[in-house]
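Trainee: Could you take me through this one slowly? I'd like to hear what stands behind each label you use.

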Amino acid sequence: MANISSIGFGSGVLTSDLVDQLVAAERKPATERLDFNQQKTEALISAYGALKSAITELRLPLRQLSSADNLKAFSGTSSHDGVEVSVDSTKASRGSYSVTVDSLAQAQSLASATFADTDTTAVGNGTLTITVGGQSKTLTIDSSNNTLQGLADEINEAGIGATAGVIDTGNGYRLVLSSEDTGVDNAISISVSDDDGNDSDNSGLSQFAFDGVTSNLAETVAAKDAVIQVNGISIQRSNNNFDNVIEGVSLTAKEEGITSTIQVTQDTGAVADRVQSFVDKYNSLQSAIKSLAGYNAETGRGGLLSGDSTVRTVQNQLRNMLTDVVPGLSGASVRSLADVGITTNYETGALDFDRAKFTDQLKANPDDVTALFAEQGRASDSQIEFLSSSVDTKAGNYSVYISQLATQGSLQGANVGAGSVTIDADNDQLTFVVDGATTASIQLTAGTYTREELAAEIQAQLNDNAALGSDGRSVTVEFDAVNGVLSFTSGSFGSDSNVSLTGVDTNSAATLGLSVATGTAGKDVAGTIGGQVATGEGQVLFVEGNGSAAGLQVQVTGGTTGGRGSINYIQGIADRAVGLITDIVGADGALDNRTGGLQDKLDDIAEERERFEARMEAYRERLVAQFSAADSLIARLNSTLDFVSQQLAALAPQNNRDN
C-alpha cells in the first residue's frame, strides 16, 4: 500500500481521509451487490437443506411400510399365566389354540450315600464313565482324587453336561450330581470299572454306579421332558420352550396342570400406526414446501423457492406416485391409497387418513394391502416362491420356465445283505464330509441292529453332531431294503450339495457296505424368468444383468420341468417411494445438483470479492499516487508563490522611495 501519511501537507485538501472516502464510494455499490448475492445464495442453500431434511424424514416411515413383514403385524395372548406366548409376525397367521401343560421339564439329580468327610476318606479307585446327552467321558480315579470333593472336582472339570457338589446333611456328607440341561435325553448315566474287581456292588468306586442296570446312587429328581397338548395333540420337548409348534408362535410352559387359550390375531393397530406416521411426515413435507415455495397473500410475497422447478418436480413426482393405481393391482380389491382411506385434501395438498377404513381393508384384503405398500411376487405355481428383487427390477408379469430342477447330493453304500449287523470296535467309527465343507465324525453305539435300526442309529449320531449343527447342515440316512444299501442325502440342494465318506473302520466295508467314497453332487435349478436366462444356486433361480426382470429371485421347491406359469411382481407405493426419495436426496440427486450449483456460485462470489479487493487496492494506490503528485505540485507552487511574494515585498519599499 502506498504511503499516504504526507498527503495534504502541500494543499491541506488532498488528505488520506479524502482517499478513504473516494475508495469507500467506489466500493459501496459492488460490495452491496456481492453481499446481496451471497446472502441470497446462502439462504437458498439453507432452504434446499430444509427441504432435503423434510424429504429424508419421509423416507423412514415409507421404508417401514415397504417391508411386507411390517404389514403382517400379529400379536398373541394367553388366557393363563402358566403359558407365555410370543409371535413372529413374518410367519404367524390368525388362529385360536387350546394348550394344556401336562408336565414341566426337569433336570435329573442324583445323590450318593453318606460319607464321614469330604476330603479324607477314600471312596475307591478305578474309572467312571459319565454319559450325558449322548456324550461320554471317562474319568480316572486314584489316590490323587478319590474323595468326595475329588470326585466333584473331576466331574465339574470334565465339561460333560453335569455338575457335582458335596452337601453337608448334618449327619454326614453326600455327593450330588445334576444335569445342566433338562429333559430325559440329558439324564446322567455312570458306569464304573472298579479296581476291586466288582463293578456293581455297594463298596469302593462301584457305589457311584448308575447305568440303568445298577443304581447305587439315589435319584432325588427324575429327568423329565415337558409335555403339552395343543388342540389335543401331545407334544414333547426336553425343555419348557416350544418354538414353532404353531408356525410363527413360541410357547413357554410355566405351570403344570393348566389349560390356556392362545389367541393369535392381526395387530391392525400397529400397522395403522405405521401408516399414520407416513401420513404425518408427508404432511410435514407439504408444510415445508408451502413455507419455502408458497405464496403469502397477506404479504404479497413468495417463499425463497417460489416458482422453483426442482421443488415442483419433486412435489409432482411424489404426488403422482401416491395417487396412481399400483401396477399389477388394477383388478384387485385394493388398487390405490384412496381404497384404504388415504386421500388428498385438494385445498391444502395434505393427506387425510381414515384409520377405520384402513383397518377394515387390512382385515378383509391383507395380501392386497401388503402389495399396495410393499413389493410382492405372486407366483401362479404353488411350488415357486418369490424371494426378492433389486432396484433394477420392473413391475410386471414374468413367465417362468424350468429346464432343470435342483437336486440333493447323495452317497450310497454297497449291498451287503439285509440281515442284522453287530457294531463293535472294528466298525463303529465313520467320518463324513458334508457339502464339501463340514467334517462330521461319529461313533456308533455298540450292539446288534437290524439294518433299519442301524440307519436310525447313524441318523441319531449325525443329528447330534456339533459340527453339523453349528454349520447348519444335515444328512438324511435311510436303508433301501430293495437294494440292500444304506443311503445318505444332504439336506441342501445344488452343486455344492454332497455327502462323502472320508474315514471308516477296518470292517465297515464288509459289515456295513461303507467304504471311503465321494458321493454324487447335486444339481442347481436352471431355467428362464421372463424369457431371460436365469442363474441357479440350489433351489434359487435369479436373473442377473439387464432387462425388466433383472434382480428377480424365486425359489423352486419342486414340480416338473417345462413351463411353470408366471410370477406377477408388484412394486408397492412405499417401495417405489423409497427409491424415488433416495434418488432425490442421494448423491447426484436433484437437490444435491441444485445445492452444488449454488455452492459453485458462492465460490464464484468469493473469487469475485478477491478480484474486486485487488482492484480497490490498485484504485487506492492510483489515488495516492495522483494525490501525492498533485500535492507536491501545489507545494512547489506555494513555494514559488512565497518566493514571488517575498520578492515583490522587497521591491515595494524601493518603489516607494523612487516615487
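Mentor: Let's start with pairing: two strands pair if DSSP finds at least two bridges between them. Helices (H or I, at least four residues) and strands (E, at least two) are DSSP runs, numbered from the N terminus. This is a predicted model, where local features need pLDDT of at least 70, side-chain atom pairs count only at pLDDT 80 or more, and totals for chains, interfaces and linings use all residues. Residues are numbered from 1 along each chain as its sequence is written, and side-chain values use heavy atoms, with hydrogens and water left out.

Trainee: What makes β11 and β12 a pair?

Mentor: DSSP has to find at least two bridges, and five join β11 (residues 226-230) to β12. These strands run antiparallel, and V230 stands opposite I233 in β12.

Trainee: Which strands make up the five-stranded open sheet, and in what order?

Mentor: The order is β1-β15-β3-β11-β12, with antiparallel pairing. β1 (74-78) and β12 (233-237) each have a single partner strand, so one side of each has no neighbour in the sheet. From one strand to the next, the twist averages 25°.

Trainee: Why is α4 called roughly antiparallel to α10?

Mentor: Axes are lines fitted to C-alpha atoms, for helices over the stretch in contact, and angles run from 0 to 180 degrees between N-to-C directions. Under 35 degrees counts as roughly parallel, over 145 as roughly antiparallel, 65 to 115 as roughly perpendicular and the rest as oblique. The axes of α4 (residues 309-323) and α10 (residues 573-585) cross at roughly 170° and come within 10 Å, and that makes α4 roughly antiparallel to α10.

Trainee: Which residues of α4 and α10 meet?

Mentor: With contact meaning heavy atoms within 4.5 Å, V314, Q317, L318, M321 and L322 in α4 meet I573, R576, A577, L580, I581 and I584 in α10. Ala, Val, Leu, Ile, Met, Phe, Trp, Tyr, Cys and Pro count as nonpolar, Asp, Glu, Lys and Arg as charged, and the others, Gly among them, as polar. That divides this contact into nine nonpolar, one polar and one charged.

Trainee: At what angle do α5 and α6 pack?

Mentor: Helix α5 (residues 355-364) and α6 pack at about 115°, with their axes 5 Å apart. F358, Q361, L362, K363 and A364 in α5 meet P366, V369 and F373 in α6: six nonpolar, one polar and one charged.

Trainee: How do you know that β23 and β29 pair?

Mentor: Four bridges join β23 to β29 (residues 485-493), and the two run antiparallel. S410, for one, stands opposite T489 in β29. They sit in an open sheet of three strands, ordered β23-β29-β28. β23 (408-412) and β28 (475-480) each have a single partner strand, so one side of each lacks a neighbour in that sheet.

Trainee: What lies across β28 and β29?

Mentor: α7 does, running at about 175° to β28.

Trainee: And the largest pocket: how much space lies in it?

Mentor: About 690 Å³. Of its 30 lining residues, A68, D69, K72, T90 and Q376 are the closest to its centre. Elements giving two or more residues to this lining are α6 (366-373), β20 (376-379) and β21 (384-388). By class, the lining has nine nonpolar, ten polar and eleven charged residues.

Trainee: What makes it a pocket rather than a cavity?

Mentor: On a 1 Å grid over the protein atoms alone, a cavity is a set of points where a 1.4 Å probe fits but cannot get out, while a pocket is an open set with protein on both sides within 12 Å along at least five of seven lines; lining residues have an atom within 4 Å of a point.

Note on methods: Grid points are joined across faces, edges and corners, and a volume is the space filled by probe spheres set on the points.
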